[in-house]
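Me: I have a structure that is new to me, and I would like to go through it step by step. Could you take my questions one at a time?

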Amino acid sequence: LEYAQDRTQGRSASGSVQKDKAADPLMVHGDIRRMLLNMKALNEGGRAFSTYVAKQLDTAKFSQDEHEKEKASALVALLTPVVKAFLTDAGLESCVAGQQVFGGHGFIREWGQEQLVRDVRITQIYEGTNGIQALDLLGRKIALSGGAYLETFLSEVRASVDSNDEFAEELLTAVDKLEELTRNLLSQSKNDPNVINTACVDYLNAFAYVAYGWMWSLMSKTAANKLAEGGDDQSWLEAKQVTARYYFKRLMPRFESSAAAALSGTEELFTLSPDQF
């Protein structure tokens, strides 16, 4: 971020910002802002989601209410593979995007970004590859529970949404689509044993984009309430709202492509013989 604010390269598409200098800061370019906002939306969404799951861990362990403990345990079982896989995938995506912001400087040791890219890459393998985490999500936590764990999660999301929330319609539509996607995959898997294994990564990604959407809806609502109260950090709260809007416009649509890929079947995957690869 500091590099993008200080480094000058080219001119703003809408006209020179620093007319007294040879070039404008990288921050004036739309593609640089896209990468930085992708990083911001994924990083902050991931922090919120991991905090939510950590809260469920505490509830499952320390709550005196047996019903609460049971529900929290189900949520932890369902969401742990999503945390392990999607946060690490998004972490690498953000690191590579950060490297791209640096341009050629992102590939040399002077700035340290290349080290971050190498370091974060191992996280996708640490506790079983992310493909195994995805298989755990769809093949065990969802299929073996008959969708019961998923219903617990989706009920939580739906119960938190008010009709006047800014993203209520988009979020609830995505929740309905995730539920339908799950039903369709479980139905397909009854006739094709390869469906779960081949669809699970795309399914986990679709699931995660909905979960992050929920986090951003909650954060945006909280920011709006605090702004209405005249709270401190107005600029920070406004940035939360703008980032939430960015997430729903730019990143939430990835749900659709992930869902379509998950539902695409297995025919082509198993048509080629090993020597045709």
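Reply: The answers below go from the overall fold to ring pairs, salt bridges and surface patches.

Me: What should I know about the origin of the model?
Reply: It is a predicted model.

Me: OK, how many helices and strands are there?
Reply: The chain has 10 helices and zero strands. Its pattern along the sequence reads α-α-α-α-α-α-α-α-α-α.

Me: And what does the C-alpha trace span?
Reply: Along its principal axes, the C-alpha trace spans about 65 × 60 × 35 Å.

Me: How much of the chain counts as buried?
Reply: The chain has 277 residues, and 43% of them count as buried.

Me: Let us turn to aromatics. How many aromatic pairs does the structure hold?
Reply: There are 10 aromatic pairs in the structure. One of them joins Phe49 and Tyr212, with 6.0 Å from centre to centre and 55° between the planes, and it is tilted.

Me: Where in the chain are those two?
Reply: Phe49 belongs to helix H2 (residues 30-62) and Tyr212 to helix H8 (residues 195-228). The pair links distant parts of the chain, as the two residues are 163 residues apart.

Me: Are Phe49 and Tyr212 buried or exposed?
Reply: Phe49 and Tyr212 are both buried.

Me: What about Phe86 and Tyr209, how are their planes set?
Reply: Their planes stand at 80° and the ring centres are 5.0 Å apart, so the pair of Phe86 and Tyr209 is edge-to-face. This pair also links distant parts of the chain, with Phe86 in helix H3 and Tyr209 in helix H8, 123 residues apart. Phe86 and Tyr209 are both buried.

Me: Which residues do ring pairs link into a cluster?
Reply: The cluster consists of Tyr52, Phe153, Tyr203, Phe207 and Trp214.

Me: New topic: how many salt bridges are there?
Reply: A search of the whole structure gives 15 salt bridges. Among them is the contact between the side chains of Lys40 and Glu44, at 2.7 Å from N to O. These two residues sit four residues apart in helix H2, which is about one turn of the helix.

Me: How exposed are Lys40 and Glu44?
Reply: Lys40 is partly exposed, at 30% relative accessible area. Glu44 counts as buried, because its relative accessibility is 13% and buried means under 20%.

Me: What does the salt bridge of Lys84 tie together?
Reply: Lys84 forms a salt bridge with Glu127, and their closest N and O atoms are 2.9 Å apart. Lys84 is in helix H3 and Glu127 is in the loop between H4 and helix H5 (130-142), so the pair ties together parts 43 residues apart in sequence. Lys84 is partly exposed at 30%, while Glu127 counts as exposed at 55% relative accessibility.

Me: And Glu114, which residue does its side chain meet?
Reply: The side chains of Glu114 and Arg118 meet in a salt bridge of 2.4 Å, N to O. Glu114 and Arg118 are four residues apart in helix H4, so about one helical turn separates them. Glu114 is buried with a relative accessible area of 10%, and Arg118 counts as partly exposed at 48%.

Me: Last topic, the surface. Which residues form the negative patch?
Reply: The negative surface patch is formed by Asp65, Glu66, Glu68 and Glu70. Glu70 lies in helix H3 (residues 66-102) and counts as exposed at 59% relative accessibility.

Me: Which residues form the nonpolar patch?
Reply: Phe107, Ile108 and Trp111 form that surface patch, which has about 340 Å² of accessible area together. Phe107 is placed in the loop between H3 and helix H4 (113-121), and Phe107 is exposed, with a relative accessible area of 68%.

Definitions and conventions. Residues numbered from 1 in each chain as written. Predicted model: local features only at pLDDT ≥ 70, side-chain atom pairs only at ≥ 80, totals over all residues. Heavy atoms only, no water. Patch = residues over 30% accessible without salt bridge, like charges linked within 9 Å, V, L, I, M, F, W, Y side chains within 5 Å. Areas by Shrake-Rupley, 256 points an atom, 1.4 Å probe, with all protein chains shown as cover. Salt bridge = Lys/Arg side-chain N within 4 Å of Asp/Glu carboxyl O. Lys, Arg positive; Asp, Glu negative; His and termini not counted. Charge placed at Lys NZ, Arg CZ, Asp CG, Glu CD. Buried < 20%, exposed > 50% of the residue type's maximum accessible area, 1.4 Å probe, protein only. Phe/Tyr/Trp six-rings, centres within 6.5 Å; stacked < 30°, edge-to-face > 60°.
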